[in-house]
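Below is a short briefing on one protein model.

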Amino acid sequence: MAKSKKKSSVVLACSVCKERNYTVNKSRGKLPAPVKLEINKFCNVCRAETMHGETK
Ligand SMILES: [Zn+2]
């Protein structure tokens, strides 16, 4: 049986084209409150820096 890890991977999707460009590991438990990730990153589809939001 596989051990259950506390780390959960979060997919960051472009807010413009909804393309899933990045995956980050977010360890739960350290943050005092659940913070929704919003990072300005480069999107290969838009070919520009766009806001990338957390998606499932
Ligand atoms: Zn995009």
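What share of the 56 residues of the protein counts as buried? The share is 18%. The model is predicted. Its secondary structure consists of four strands and zero helices, and a zinc ion is held by four cysteine SG atoms.

**Fold and surface**
- Along the sequence the elements follow the pattern β-β-β-β.
- Among contacts with a separation of 6 or more, 38% join residues 24 or more positions apart.
- The protein has an accessible surface of about 4,800 Å², and carbon and sulfur atoms contribute 52% of this area.

**Zinc site**
- The zinc ion has Cys 14, Cys 17, Cys 43 and Cys 46 as its protein donors, each through SG, at 2.2 to 2.4 Å.
- The spacing of these donor residues in sequence is C-x2-C-x25-C-x2-C.
- Cys 17 belongs to the loop between strand 1 (7-14) and strand 2 (20-27), while Cys 43 belongs to strand 3 (residues 38-43), so this pair ties together parts 26 residues apart in sequence.
- The arrangement around the zinc ion is tetrahedral because the four donor atoms subtend angles of 103 to 114°.
- For comparison, the ideal angle for four tetrahedral donors is 109.5 degrees.

- Cys 17 has 29% relative accessibility, so Cys 17 counts as partly exposed.

**Aromatic side chains**
- The charged end of Lys 41 sits over the ring of Tyr 22, at 4.4 Å from the ring centre.
- Zero aromatic pairs turn up in a search of the whole structure.

Conventions:
Residues are numbered from 1 along each chain as its sequence is written. This is a predicted model: local features need pLDDT of at least 70, side-chain atom pairs count only at pLDDT 80 or more; totals for chains, interfaces and linings use all residues. Side-chain values use heavy atoms; hydrogens and water are left out. Donors are N, O and S atoms within 2.8 Å of the metal (3.2 Å for Na, K and Ca); water is not among the atoms, so sites may look incomplete. Four donors count as tetrahedral if all angles lie between 85 and 135 degrees; four count as square planar and six as octahedral if opposite donors are over 155 degrees apart and all others between 65 and 115; anything else is irregular. Helices (H or I, at least four residues) and strands (E, at least two) are DSSP runs, numbered from the N terminus. Buried means under 20% relative accessible area, exposed over 50%, partly exposed in between (1.4 Å probe, protein chains only). Rings of Phe, Tyr and Trp (its six-membered ring) pair if their centres lie within 6.5 Å; planes under 30 degrees apart count as stacked, over 60 as edge-to-face and the rest as tilted. A charge sits over a ring if NZ of Lys or CZ of Arg is within 6 Å of the ring centre and within 35 degrees of the ring normal. Contact means heavy atoms within 4.5 Å. Accessible areas come from the Shrake-Rupley method with a 1.4 Å probe; for residues, only the protein chains shown count as cover.
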